Structure formats: C-alpha cells, structure tokens
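Good morning, and thank you for making time for this presentation. I would ask you to keep the sequence and the structure in view while I speak.

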Amino acid sequence: MAKKIIVAGGGHGGITCASILARAGFDVTVYEKNARENMGYDWTDIFNSKSLAEVGLPVPEDKCLPMHNMSFCPPAGRVILRNAIDEARGSDIKMERKEIYNLIIDDAEKAGVKFVYNTEILAPVMAGDRVIGIKTADGDILGDLVIDACGCNSPVRKNLPECCGIQADMDKLEQFYVYRGFYNRAETNDVIDKYKVYMLPKGVFGIAWVADDGDYSDILIGDFEPFTKEEALERVEAFRKENPVLGTELIRGGDMVTIPVRQTLAVMVADGYAAIGDSAFMTVPIIGSGIANSFRAAKILAETVIADRTETYSAETLWSYEYNYQTQIGFNLSSMALVKLMLGKIKPEQLDYMFENKIITINELSVSDEGGGLIDINAELITKGKAMIKDRNLTGLFLGLAKDMAVLAAINKSLPKHYGRYDVQQWAKKYNAVFK
C-alpha cells in the first residue's frame, strides 16, 4: 500500500513536492483552508525562471523577462544607486500569483495529487513526539508524513511540542507587515526610475517600492511594525507625491499580508514532519521573496522522502533534506538576516551617510533568491573604515556585524551531517543565538 502523505496548506513548495511524490507512487493529499478560487494574493510575483525548470515545471516563455533594473533610495534621497542587469543570472518570470497556482495545481492533479479545500487546519496530531496527522475543524486526518506548507504562522509548526526542537513563533524584526496595491499608470513627463526601492523611507520602519510596469504602477510597503489599511493608504498618498506615475485608481490588490523576512528555521524536521516554504521561513531576508526557494526545497524534500527505504520518515531519515537545503541555499542567505537586524538599529541619517560616503555602493545592493546580498562584510568593506570611523555608533554596528558574520559562518559549517537530537538541538541553539 502506498504511503500516505499529508500536505498541510497550499503553499507553493508543498504542492510542488506533492506532485513529485505522487509521480513516485505516494498517496498524497493537500488540505487547504481557502476555496480553490481564493488561493493566492491578487498580485504579481517575479522569481528566477530556473527554479521552475529544476522541478520539471514548464517555463512559460511569454512570462520571461530580463532581470529588472533597480534604483535604491536612502531616506533623504540625495544619492540614488542604480544597478545593471546581470545577464549571467538568466531571465526572471513575471506571473500573477493565481497563474502560478494554476500552473502548479494543474501539474499536481495530473500527477494524481488530491486536493481538499475549505479545510481549516488547527494543529498537529501527535503520538508521543511523532507527528501522525493534522487536526482540522472537520476532525483528525492521519498519515505517514505531514509536510507543513501552512505559511509563516502555521498552526502545525506553532503547536509542535517543545521536544521537537522546532521554533514556533517569529521574533521582532523577523516578519514584514505588507500592503501592496496596483494602480493605474498616470501620465507624466518626469524621468522615471522603473523600479525604485526606498530604504527606511519616512514613516516606514522597513522598505517600500514603486514600480512603473508600463500598463500600471505597483507599490509595496513593508514595515516591521503593524499598520492599518487606513495608514497604508496615507503612506501611498505620500509616495504618490514623489512618484507621479502612481495613479489614484486601485486596479487590483490592496492586500494586507504578513511575510517572513528572516533566516531559515534552524530545525525544520521531526519524526513524521517536515516544514517547507514560509512554514520554514525560506524567504530572502529583507525583501521577502521565497517562491524560487520553495520550488528548490520541494525537489530536495521529495528526493529525501523517496530515498527513505525504511519508510519511517523520521527526523533521522528526513535530516538530509534539512542538510542539503541549508548547505545549498539557506546558509547563502543567512548573513542577510544579520544585515537586516543591523539595519533595524541604524538611524535614517546614518543610512544617508553610508550612501553618500560610498560605504554602501551598488555592489553591496545585489539581492537575489540565490544568495549574496545587501552589504557584504568583507575586506573591501572594511577598507571603507575611514568614512565609518567619523560615526562611532555606526562603526560599532559594523564591527559587531562583522563579528556576528564570522561566528555565523563557523556555526553554519558545523551543521551536523547526520541527525542526533541532542547534537542538532545544541547546534540550533547556537544558530538561533546569533540572530538575537
């Protein structure tokens, strides 16, 4: 009899993993709280096209586009840094979130995955320290493995017993409260930055962007502090004054959502359980993009499950999923989480100073879903110390960041290759402590 796999929640990674497992002969069912037609935010996503090909999904050529030119603006806006397109990275895909869901759900159904919608998931079902299913509003559902794709506030992850060693909740500065809206494109004679990213703009403890798509304008506001829809619209109006291309008619979107902007979970497997996507915080710190990484994680997890000849799906046999994801993807992004925490301590005028004195250049503002990113603390940056030393507080922050990055690099290298609960949980304590 085929082993029964429960995918809790309709996240991109969970559905994609379900497709691969179903084709390998597993009995896979996805349980999703929303109706099919309500899945996915009403907005556009841009992600690396290679991630679709890696999991065997068709790459829609009509959705491919070159990597965006981006302009980065510090609080005062006296210096704006603009990047060049990295052709070696390949093309990006620009798709509506609902189009992405159509693509992966159609593929999953063809593979034999079953979907049960309108099912509220409440918690895991436990047998001792093993996850054996999910509690739903309609009753308990049991299976041989639960793949948690419920998102950053997953009720499955948040209700795991402490013995599993998996972090339940996010800390401060680990999630963005986001407003995103698509407005009509207003006619203007002004010279326009096609994709303008604001860092610590006035009134926002985070980032924002205004993009000119040609057919419409797109605004996102991401704040570490919660804000209301009314406050969001007031902020949109403030950005509109500086960006006349941003029209006044809301075409679609207007969503208020929460997304993780932090390092990947230190431990994301337990007996009978594996977290993926936002449930495991697989987004890129600072910008929050996570679709490409979720697809890549889906392949790694599916290969791990298929390779488990014991068919126990224990923390021990699932550990190679964690090890391979972290060493191939997660650790490349983890240093960006430290940068994000440092930016949370920087005053707007200090960020202006860093732009204007070339402490931050466009070389340090290369952010992608493949790693690398904002402010690489390396020998080149340390040579900029003459400019930093004029601000002792700023110097202290950078020295602290450099130290933390060195510690993090050593901890990342010490990730146990094989699972042992004590060793893994001791490692996780060290890993998590770096980000406190």
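Is Phe205 buried or exposed, or does it fall in between? Phe205 is partly exposed, because its relative accessible area is 25%. Please bear in mind that this is a predicted model.

Let me turn to the aromatic pairs. The count comes to 14 aromatic pairs. In one of them, Phe176 and Phe224, the ring centres are 4.6 Å apart and the planes stand at 35°, so this pair is tilted. It joins distant parts of the chain: Phe176 belongs to strand β13, residues 175–185, while Phe224 lies in the loop between β16 and α5, 48 residues apart. Phe176 counts as buried, at 3% relative accessibility. Phe224 is buried as well, with a relative accessible area of 9%.

Phe224 also pairs with Phe205; here the centres are 5.3 Å apart and the planes at 65°, so the arrangement is edge-to-face. Phe205 sits in the loop between β14 and β15, 19 residues from Phe224.

Elsewhere, Phe331, Trp427, Tyr431 and Phe435 make up one aromatic cluster. Two arginines are placed over rings: the charged end of Arg235 over Phe227, 4.5 Å from the ring centre, and Arg240 over the face of Tyr183, at 5.2 Å.

Finally, the cavity search. Across the whole structure, one cavity of 30 Å³ or more is found, and the volume of the largest cavity is about 40 Å³. Phe435, a member of the aromatic cluster, is among its lining residues, as are Asp171, Glu174 and Arg262. By class, this lining comprises four charged residues, three polar and one nonpolar.

Key
Residues numbered from 1 in each chain as written. Predicted model: local features only at pLDDT ≥ 70, side-chain atom pairs only at ≥ 80, totals over all residues. Heavy atoms only, no water. 1 Å grid on protein atoms, 1.4 Å probe; cavity = no way out; pocket = protein on both sides within 12 Å on 5 of 7 lines; lining within 4 Å. Points joined across faces, edges and corners; volume = space filled by probe spheres on them. Nonpolar A, V, L, I, M, F, W, Y, C, P; charged D, E, K, R; others polar. Phe/Tyr/Trp six-rings, centres within 6.5 Å; stacked < 30°, edge-to-face > 60°. Helix = DSSP H or I, 4+ residues; strand = E, 2+ residues; numbered from the N terminus. Buried < 20%, exposed > 50% of the residue type's maximum accessible area, 1.4 Å probe, protein only. Lys NZ or Arg CZ within 6 Å of the ring centre and 35° of its normal.
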